[in-house]
Amino acid sequence: MASEPQATESASGLPQLDFSTFGNQIFWLLVALVVIYFILSRVALPRIAAVLAERQGTITNDLAAAEDLKVKAVEAEEAYKKALADARTEAQKIVAETKAAIKADLDKANEKADQEIKARTAEGEKALAEIRDGALEAVRDVAKDVTAELVSAMGGKADGRSVSAAVTARMKG
Amino acid sequence: MEGDIVQMGAYIGAGLACMGMGGAAVGVGNVAGNFLAGALRNPSAAGGQTATLFIGIAFAEALGIFSFLVALLLMFAV
Amino acid sequence: MATEAQGAGDGGLVFHPMDQFMVKPLFGAGEVGFFTLTNVTLWMALTVAAIFALLVLGTAGRATIPSRTQSIAELAYDFVRKMVEDVAGKDGLVFFPYIMTLFLFILFANVLGLLPMAFTTTSHIAVTAVLAMMVFLTVTIVGFVRHGAGFLSLFWVSSAPLPLRPVLALIEVISYFVRPVSHSIRLAGNMMAGHAVVKVFAAFAPMIIISTGIGLLVTPLSILAIATIYALELLVAFIQAYVFTILTCVYLKDALHPHH
């Protein structure tokens, strides 16, 4: 094959080894590379680097802002909890005060009622004692009268003083 | 006649050169298989070694490509 | 396959898997001179245009919340920047625009080359050899400028036993000079091989026109094969750009930190 002259380009030889085209390829390759290099180093790469840096900055800022907001949220929660706790203690205080007031009223009323009951009891006892005394007197009178009658009926002479002394002694015994 | 014999030899040589493909296949398979075996044992280290994997595959494959090149040269350039 | 094609007669299958790589003038026929506008020019211009569209027009909004195009541009930026930083180190970031240029050029040339009827500029050894030589020269020059003669310590493996060191030094020197060769042939070869394989399968596809019997089997199979290889080629297009770039970073790391 090599012995054949290159009459038809397609028939023989590897196109890659056709040295007559090397200069052309290398020239255009270098042109292309230089153009790409300048496109990249002058425009594309700085731009992409700037975009990436900016995005990184934005992300960092956003993260910081999120952190701030989080701290604020925690603070708000704490404040809320504190308010809740305050309100609860306040409520308990009010409840305790009310309870104490009611208890005081109740105690007062109880005491008053107790005193009244005592006074009534004392009155009742006094009345009872009077009645009892009255009854004893009556019984003595009746016993004296009956004794005097009995003594006179038996023919004795009823001495008022001795009769009453005897009755009194008898009743005591 | 003499040219025909030369051409025959070139074709036979080209066919023989294709056996190099088998060698490249063994080499690439060896690299990839060993990488996989290692990666399954220690998956955390596998990620950092993919570049090495590709370099190894490229080296192994390049030699197969050389045999292909020899075949082409015999077919078209000799 | 050749006999099959011949057996089918003159109007049979045509195999020209390498024709797609031919450099042709855009206007008229004739010699391909140094400054001739060729299909190389066209597809490199398209590559540049695509990069411009993605990285300049796509980011024109400079939006904090990126549009879809802008996020792709940012993804590419981050991807390469991280690669340079991880592999070559912080002081490698000086070369970031340069490496980004290489990566984007190779990636877009590979992917645009996958379009039907397209010409793949990176499948040519002339192109990839220039790219690899640029990397090689950059690495060598940077190494000597940064470290002077100390850059030669790259070849003197101080961790090896003393008797082994001269041998290792020889091997290291050879491997250092083979780098641009493998670097360029890997990319060109991968591109060329994939496209040639697609073309070969494409040549089998019209079999059904020639012979219905064989064609019923061969044509769907070859179309399926084209689709599969095409998907693989998309992956390869990206991986080769990635590999070229990361190897550049690895070589650059050698230049910046030669003591290993």
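## Chains A and C in a predicted model

C:Met117 sits in the loop between α4 (96–113) and α5 (125–147) of chain C. This is a predicted model. The report starts with single residues, moves on to the two chains, and ends where they meet.

Most residues other than glycine have a negative phi. C:Met117 is not glycine, yet its phi is positive, near 70°. Is C:Met117 buried or exposed? Its relative accessibility is 81%, and residues over 50% count as exposed, so C:Met117 is exposed.

C:Arg62 also has a positive phi, near 50°, and is a residue other than glycine. Its place is the loop between α2 and α3 (68–88) of chain C. Is C:Arg62 exposed or only partly exposed? Its relative accessibility is 46%, which lies between the 20% and 50% cut-offs, so C:Arg62 counts as partly exposed.

**A buried asparagine**

C:Asn39 belongs to helix α2 of chain C, which covers residues 39–57. Its relative accessible area is 11%. Buried means under 20%, so C:Asn39 is buried.

What does C:Asn39 touch? Leave out residues up to four places away in sequence, and the list is C:Met22, C:Val23, C:Lys24, C:Leu26 and C:Phe119. With C:Met22 there is a polar pair: a polar atom of the C:Asn39 side chain lies 3.0 Å from the backbone oxygen of C:Met22.

**The two chains**

Chain A has two helices and zero strands. Its radius of gyration is 66 Å, while the globule rule gives 16 Å for 173 residues, so chain A is more spread out than a compact globule. The spans of its C-alpha trace are in the table below, beside those of chain C.

Chain C has eight helices and zero strands. From the N terminus on, its elements run α-α-α-α-α-α-α-α. Its radius of gyration is 23 Å, whereas a compact globule of 260 residues would have one near 18 Å. Take the contacts in chain C with a separation of 6 or more: 68% of them join residues 24 or more positions apart.

| Chain | Span of C-alpha trace along principal axes | Buried residues |
|---|---|---|
| Chain A | about 200 × 40 × 20 Å | 17% of 173 residues |
| Chain C | about 70 × 55 × 40 Å | 51% of 260 residues |

**Where chain A meets chain C**

How many residues take part in the contact? Chain A gives 35 residues and chain C gives 48 residues. The area buried between chain A and chain C is about 3,800 Å². Carbon and sulfur atoms give 75% of that area. On the chain A side, A:Gln16, A:Gln25 and A:Arg47 supply 17% of the area that chain A buries against chain C, more than any other three residues.

The count of salt bridges between chain A and chain C is one. Which residues form the salt bridge? A:Arg55 pairs with C:Glu74, and their closest N and O atoms are 2.8 Å apart. Twelve residue pairs are in polar contact across the interface of chain A and chain C, with both residues at pLDDT 80 or more. Sorted by class, the side of chain A that touches chain C has 22 nonpolar, nine polar and four charged residues.

Note on methods
Residues are numbered from 1 along each chain as its sequence is written. Chains are lettered from A and ligands numbered from 1 in the order in which they are written. Side-chain values use heavy atoms; hydrogens and water are left out. Helices (H or I, at least four residues) and strands (E, at least two) are DSSP runs, numbered from the N terminus. Buried means under 20% relative accessible area, exposed over 50%, partly exposed in between (1.4 Å probe, protein chains only). A polar contact is a pair of N or O atoms within 3.5 Å; within protein, one must be able to donate a hydrogen and the other to accept it, and residues adjacent in sequence count only if both atoms are side-chain atoms. Contact means heavy atoms within 4.5 Å. Buried area is the accessible area (1.4 Å probe) that two parts lose on being put together, summed over both. A salt bridge is a side-chain nitrogen of Lys or Arg within 4 Å of a carboxyl oxygen of Asp or Glu. Ala, Val, Leu, Ile, Met, Phe, Trp, Tyr, Cys and Pro count as nonpolar, Asp, Glu, Lys and Arg as charged, and the others, Gly among them, as polar. The radius of gyration is taken over C-alpha atoms; the globule rule is 2.2 Å times the number of residues to the power 0.38.
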